[in-house]
Amino acid sequence: MSQMIDPISSEIFERKPYLQNYFKNFSSENRWELLPAKKTGEYYVSLDGNPLSSSFSPLTQGQRLVDSYSLKPTDVVILLGLGNPHLLSLVSEALAPGQILILIGEDETLIPVLWDQFLKPILKIPGRHLFSGELFFPLFFNYLESLPIERVSGLKVIRNPTDTNRNPIYKELEEKTQNVFSAKMSDLLTKFEFERLWIKNSIFNLVHAEKKPPVKVPISLLRDKFQGLTAVLVSAGPSLRKNLSWLQEVRDKVFVFSCDTSLKVLIKAGIRADGVVTLDAQTNSFFHFMGESLENIPLFADLVSSPTLLREPMFQSVVHSVTAKYQVDAEGSLVREVTAGGELAEQVFPDVGDIQSGGSVATTAFDMLRFMGFGTVYFLGQDLAYSGREIHSTGTHHNEKWLTLVNRKNSLERTNEVIIRKRETRFVPSASGKTVLTDYVLDLYRHWFEESATSVQNMFLWNVNEDGAEINGIPSLSPSAAKEKLNSVKEHNYPWRELAIWSGENRNQNKTEKQKGNLGIGKKDELDLLIQNGSERLFQKIKTDLSFIESKLNDFEGVGIMDGKEETKENPLSFQDSEIWLWMQSESYLRRLVRKTEIYLLRHKDLDRVRKNQILLQSIRKEIRYLKRSLYPMMDSFPEKG
């Protein structure tokens, strides 16, 4: 306990309270010792009498290891294994102040042994973190999930060889860490590419939410409305076509929820879906619906979905939601991060409804089913792999398009093969116990489903698939086994078709109190009025915001004094210290429009103020023009492009 009362330790514990838990006298079968090396002033860690680094000169050994890595100031550095205490210090000294270093050990009882001499000087530096032992690994992954990924450029993992070769836990931790980091980097790159489109689409869809047809409603109306019922989530994997007969047999016992890519396959098989989900912000998603009669199938659409699709009268109702991620930050607080543009939804819809997503339509659809309260979910066509070296089931829009390219020199098989060979592929265990080919992106989705399977409660999940990738936590079934499981389930008689979202009936008609309760919040006229007023207010807000920011940009460029500070050519005021930039931080939809530029400036700190100001101002003006060009036609008519 003496380690806990000295001033430096108290300061560290105040900033990182979880570290105090290492001094709670954990029991362990391991006997850790910090012993002097043969070289004077050097130390090594011994485990049950065995050295975990050089016992002659661990400092030299550590220096050689550090020298073999090229560490950038924007890297997140993770050190696996605490067996060489000098390596901890050397890595910390090689990093910039504030740069993130995460030390990973295998046992809680090792920390008090290293604390005073090695860990305390390292952990008093901002950006240095320590997680050791199974009890603390969940904290490590929470911290990793909350990392501001936009401030870093890469991940460097340094391994103390004696530790990592001895204990397989380090390999597992590294693999999971790489997956989390890869997912976060992929998410950031996706934001770079689509964030401005998400914002434009969200604003457009919200401002036009009162336009009919189709009728727009929030998914919150359906929260927990289908408890006790069974659903089938239909994706467009290659195995879908061979299992359609199973779905036809059990159709009257399940709620059929289709991804947009699989809808045409179901229609051709004579199966009417009970709902279809779309997530794509680009107009390409329109082709999954084109030429079909869909008036009786509600479209479940994220707010970022293409306005070109959502304004089409082919649907009689659209159920809106926003994608939001909930995670624990470094301080232990729950943080809600909503997709760009989604933060404006509450100005139009009362409680639109948050849906979590792993980046694909299927992941979004699954969380929608959880949100609506389904107790059992069967996955169909969820291959997450190139089963039979195919990309999609036959009958999808993609296959229809590729069939037009088939000729004597170009078969459908060749088209699939050309696309597969362009991707980063690997083999993973299949549902049949063999292996199947997948790629980096599909594997990210698989990991998302595996994590979700462990976190959902009171839900039974089954994967009707014998060809695709194995999904840990979601047992695979043959169609015959799945049919047998459903033998005890009664036919549902389609209770959801009584709701106005499906029936299209006026919600103000005389209905029983029970039916009214199933319809969600308020009456139709009340909800319509809320949406109409909210849409008008939002449009006026966007119009006012853009005019305000333009005037402030002109002021900044034309006036030499801002906030009481005189601006000169030699000492220009940084735009990021100005009033307008501070205001933009409170209007996150505007701030996100220039996220890419802001991150560029964070990673190029060598640029002078003049150049930084030029880059940021040009970027803001460009985004204002983009929003104006996209949104102002809404006053009179829809633009041709969504």
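In the predicted model, R389 is found in the loop that runs between strand 16 and helix 12 (397-403). The phi angle of R389 is positive, at about 55°, although this residue is not a glycine, and R389 is partly exposed, with a relative accessible area of 36%. D351 likewise has a phi near 55°, a positive value in a residue other than glycine. This aspartate is found in the loop between strand 14 and strand 15 (354-355), where D351 is partly exposed with a relative accessible area of 45%.

Aromatic contacts were examined next. A pair of aromatic rings is described by the distance of the centres and the angle of the planes. The count comes to 32 aromatic pairs. One of them is formed by F226 and F374, whose rings are stacked, with 5.1 Å from centre to centre and 15° between the planes. Because F226 lies in the loop between strand 8 (215-218) and strand 9 (230-234), while F374 lies in the loop between helix 11 (361-372) and strand 16 (376-380), this pair ties together parts that are 148 residues apart in sequence. Both F226 and F374 are buried. An edge-to-face pair is formed by W448 and F449, with 5.3 Å from centre to centre and 85° between the planes; W448 is buried, as is F449.

Ring pairs also link F226, F255, F257, F300, F374, Y494, W496 and W502 into a cluster. The ring of Y494 has the charged end of R497 sitting over it, 3.8 Å from the ring centre. In a further contact of this kind, the charged end of R196 sits over the ring of Y626, 3.8 Å from its centre.

F460, which lies in strand 19 (residues 460-464), counts as exposed, at 53% relative accessibility. The C-alpha atoms of F460 and G375 are 6.4 Å apart in space, although the two residues are 85 residues apart in sequence.

In helix 2 (residues 58-67), the buried residues include P58, G62, L65 and V66. These residues cover an arc of only 95° around the axis, and they therefore lie on the same side of helix 2. The exposed residues R64 and D67 are carried on the face of helix 2 that is turned away from its buried side.

The second largest pocket holds about 910 Å³ of space. It is lined by 30 residues, of which P148, E150, R151, E337 and R595 are the closest to its centre. Helix 7 (169-207), strand 13 (317-328), strand 14 (334-338), helix 20 (588-593) and helix 21 (595-602) each supply at least two residues of this lining, and helix 21 gives the most, with five residues.

How values were computed:
Residues numbered from 1 in each chain as written. Predicted model: local features only at pLDDT ≥ 70, side-chain atom pairs only at ≥ 80, totals over all residues. Heavy atoms only, no water. Phe/Tyr/Trp six-rings, centres within 6.5 Å; stacked < 30°, edge-to-face > 60°. Helix = DSSP H or I, 4+ residues; strand = E, 2+ residues; numbered from the N terminus. Buried < 20%, exposed > 50% of the residue type's maximum accessible area, 1.4 Å probe, protein only. Lys NZ or Arg CZ within 6 Å of the ring centre and 35° of its normal. 1 Å grid on protein atoms, 1.4 Å probe; cavity = no way out; pocket = protein on both sides within 12 Å on 5 of 7 lines; lining within 4 Å. Points joined across faces, edges and corners; volume = space filled by probe spheres on them. Arc of directions from axis to C-beta.
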